[in-house]
Amino acid sequence: MAEHEEKKHEESLMDRIAEKIQGHDSSSSDSDNDKPSESSIKAKVFRLFGREKSVHHVLGGGKPADIFLWRNKKISAGALSVATVIWILFEMLEYHLLTLVCHLLILALALLFLWSNAATFINKSPPRIPEVQIPKDPVMEFAQALWFEINRAFAVLRDTASGRDLKKFLSVIAGLWVLSIVGSWCNFLTLFYIVFVLLHTVPVLYEKYEDKVDPFAEKAMHEIKKQYAVFDAKVLSKIPRGPLKEKKKD
């Protein structure tokens, strides 16, 4: 009987301990649920240009984004090296595209021709020349993407010229003016190479230091909006827009 009572006492003691542990776990889980999640905190943080997605997703989220963000260092370094070699050939050495293509074809055809004829004398198999064909789907996807971007650019220019948004008009004019100045400094190939290098450096640096860049960008954007408000009050608001306002009233 004494042993039976001791067992009951031990079982009741274990049940109490288990209930306390469960109560502590439930209270801790409730407190964790009451705390704001890290994703909600990050969502409230200011991000450059008001983005709500990652830098990888903003760049497209595919292989180009992987290259620009150096997800595969060999491919990214190879692409940057090829672009650098092309820029050195065409700009520093003043090589021409047609001349380069012809010289490469002459060299390749000469080597393959000599190899094919020499293989019969040295009793070796001739080189297997692969059949090169450009796939249709990537070309169509690239053409469709280019068509979409060109049409969107035309739509932006048309909307800007319609006189509905003065802020957009001034920003487009300022952008074209800056682009014309940059174009006077260098030719198209150098400009393309500079943009290519920037795409391989700026996104990856921003992704690494975005927590430091975003607060500074927030202050800069706040100051720009403040200066624009002053400019709007002193200059833009005094520009007559009578015909547009009458059309809206009608």
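1. In this predicted model, the axes of α9 and helix α10, the latter spanning residues 210–234, approach each other to within 5 Å and cross at roughly 95 degrees. That angle makes α9 roughly perpendicular to α10, since values from 65 to 115 degrees are assigned to that class. On the α9 side the contact is formed by Tyr 206, Glu 207 and Lys 208, and on the α10 side by Glu 210, Val 213 and Asp 214. Sorted by class, the contact of α9 with α10 holds two nonpolar residues, no polar ones and four charged ones.

2. Helix α9, which covers residues 188–208, also meets helix α5, which covers residues 73–92, and here the two axes come within 10 Å and cross at roughly 160 degrees. The crossing angle therefore makes α5 roughly antiparallel to α9, the threshold for that description being over 145 degrees. As for handedness, the crossing in which α5 passes α9 is left-handed.

3. The residues that form the contact of α5 with α9 can be listed helix by helix. From α5 come Ser 76, Ala 79, Leu 80, Ala 83, Thr 84, Trp 87, Phe 90 and Glu 91, and they meet Leu 189, Thr 190, Tyr 193, Phe 196, Val 197 and His 200 of α9. By class, this contact of α5 with α9 comprises nine nonpolar residues, four polar residues and one charged residue. A colleague comparing the two contacts of α9 may wish to set that composition beside the two nonpolar, no polar and four charged residues in the contact of α9 with α10.

4. A further helix pair is α7 (residues 136–161) with α8 (residues 166–185), whose axes lie 9 Å apart and pack at an angle of about 125 degrees. The two helices α7 and α8 are therefore oblique to each other, and α7 passes α8 in a left-handed crossing. Leu 157, Asp 159 and Thr 160 of α7 make the contact with Lys 168, Phe 169 and Val 172 of α8. The contact of α7 with α8 divides by class into three nonpolar residues, one polar residue and two charged residues.

5. Turning to the chain as a whole, the secondary structure comes to eleven helices and zero strands, so that the order of elements from the N terminus is simply α-α-α-α-α-α-α-α-α-α-α. Of the 250 residues in the protein chain, 11% count as buried, where the criterion for being buried is a relative accessible area under 20%. The chain exposes about 21500 Å², and carbon and sulfur atoms supply 66% of that area. Among the contacts in the chain with a separation of 6 or more, residues 24 or more positions apart account for 56%.

6. Most residues other than glycine have a negative phi. Trp 70, however, which lies in the loop between α4 (63–68) and α5, has a positive phi near 60 degrees although it is a residue other than glycine. Glu 94, found in the loop between α5 and α6 (97–121), likewise has a positive phi, of about 55 degrees, without being a glycine. Trp 70 counts as partly exposed because its relative accessibility is 25%, whereas Glu 94 has a relative accessible area of 63% and is therefore exposed.

7. Leu 89 is found in helix α5 and, at 23% relative accessibility, counts as partly exposed. Leu 89 and Leu 100 are eleven residues apart in sequence, and their C-alpha atoms are 9.0 Å apart in space.

8. Val 202 has its place in helix α9 and, with a relative accessibility of 46%, counts as partly exposed. Between Val 202 and Phe 68 there are 8.9 Å in space, C-alpha to C-alpha, and a distance of 134 residues in sequence.

Notes
Residues are numbered from 1 along each chain as its sequence is written. This is a predicted model: local features need pLDDT of at least 70, side-chain atom pairs count only at pLDDT 80 or more; totals for chains, interfaces and linings use all residues. Side-chain values use heavy atoms; hydrogens and water are left out. Axes are lines fitted to C-alpha atoms, for helices over the stretch in contact, and angles run from 0 to 180 degrees between N-to-C directions. Helices (H or I, at least four residues) and strands (E, at least two) are DSSP runs, numbered from the N terminus. Angles under 35 degrees count as roughly parallel, over 145 as roughly antiparallel, 65 to 115 as roughly perpendicular and the rest as oblique. A crossing is left-handed if the near helix is turned anticlockwise from the far one by less than a right angle, and right-handed if clockwise. Contact means heavy atoms within 4.5 Å. Ala, Val, Leu, Ile, Met, Phe, Trp, Tyr, Cys and Pro count as nonpolar, Asp, Glu, Lys and Arg as charged, and the others, Gly among them, as polar. Buried means under 20% relative accessible area, exposed over 50%, partly exposed in between (1.4 Å probe, protein chains only). Accessible areas come from the Shrake-Rupley method with a 1.4 Å probe; for residues, only the protein chains shown count as cover.
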